[in-house]
Amino acid sequence: MSAMAENPLSRRLENVRSRIEDELFGLEDVAGVSVKTSEVVVYLVRDSSALRQNIDRIVHAAHPNAHLDFEVSGEFRAL
């Protein structure tokens, strides 16, 4: 069993991620979303405070106590 499967918080955050990812991907400049141990990580093409506020609203509506992190990654492209 993986460490994530054993961690109840990670399981809850994976459920949150699956519920919100369509809405997040509907926002311009969101490149991806993942869960790392105890936080939701949103990957951004370009950074802006308005985008971060929208993402914060979406994530915390789904899980008010979720820890949220942003990484400015640029666009993801298939190799």
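Let's start inside: the largest nonpolar core has 17 residues, and Leu 24, Leu 27, Val 30, Val 42, Leu 44 and Ile 55 have the most contacts within it. Helix 2 (8-25), strand 1, strand 2 and helix 3 (49-62) are the elements that give two or more residues to this core. Such a core is a set of buried Ala, Val, Leu, Ile, Met, Phe, Trp, Tyr and Cys residues joined through side-chain atoms within 4.5 Å. Buried means under 20% relative accessible area, while exposed means over 50% and partly exposed lies in between (1.4 Å probe, protein chains only). Helices (H or I, at least four residues) and strands (E, at least two) are DSSP runs, numbered from the N terminus.

A word on the model: it is predicted, with local features needing pLDDT of at least 70 and side-chain atom pairs counting only at pLDDT 80 or more, whereas totals for chains, interfaces and linings use all residues. Residues are numbered from 1 along each chain as its sequence is written, and side-chain values use heavy atoms, leaving out hydrogens and water.

Now follow Val 30. Leaving aside residues up to four places away in sequence, Val 30 touches Leu 24, Phe 25, Val 42, Tyr 43, Leu 44, Val 45, Leu 51 and Ile 55; contact here means heavy atoms within 4.5 Å.

Next comes the sheet. Strands of a sheet pair through backbone hydrogen bonds, either parallel or antiparallel. Here 3 strands form an open sheet in the order 1-2-3, with mixed pairing; two strands count as paired if DSSP finds at least two bridges between them. Strand 1 and strand 3 (67-72) are at the edges with a single partner strand each, so one side of each has no neighbour in the sheet.

Strand 1 (residues 30-36) and strand 2 (residues 39-44) run antiparallel, joined by 6 bridges, and Ser 34 stands opposite Val 41 of strand 2. In their hairpin, which has 2 residues between the strands, Thr 37 takes a positive phi near 50°. Strand 2 and strand 3 pair in the parallel sense over 6 bridges, and Leu 44 stands opposite Val 72 in strand 3.

Finally, look at the helices. Helix 2 and helix 3 pack at an angle of about 150°, their axes 10 Å apart. Axes are lines fitted to C-alpha atoms, for helices over the stretch in contact, and angles run from 0 to 180 degrees between N-to-C directions. The two helices are therefore roughly antiparallel, a label for angles over 145 degrees.

Notes: Parallel < 35°, antiparallel > 145°, perpendicular 65-115°, else oblique.
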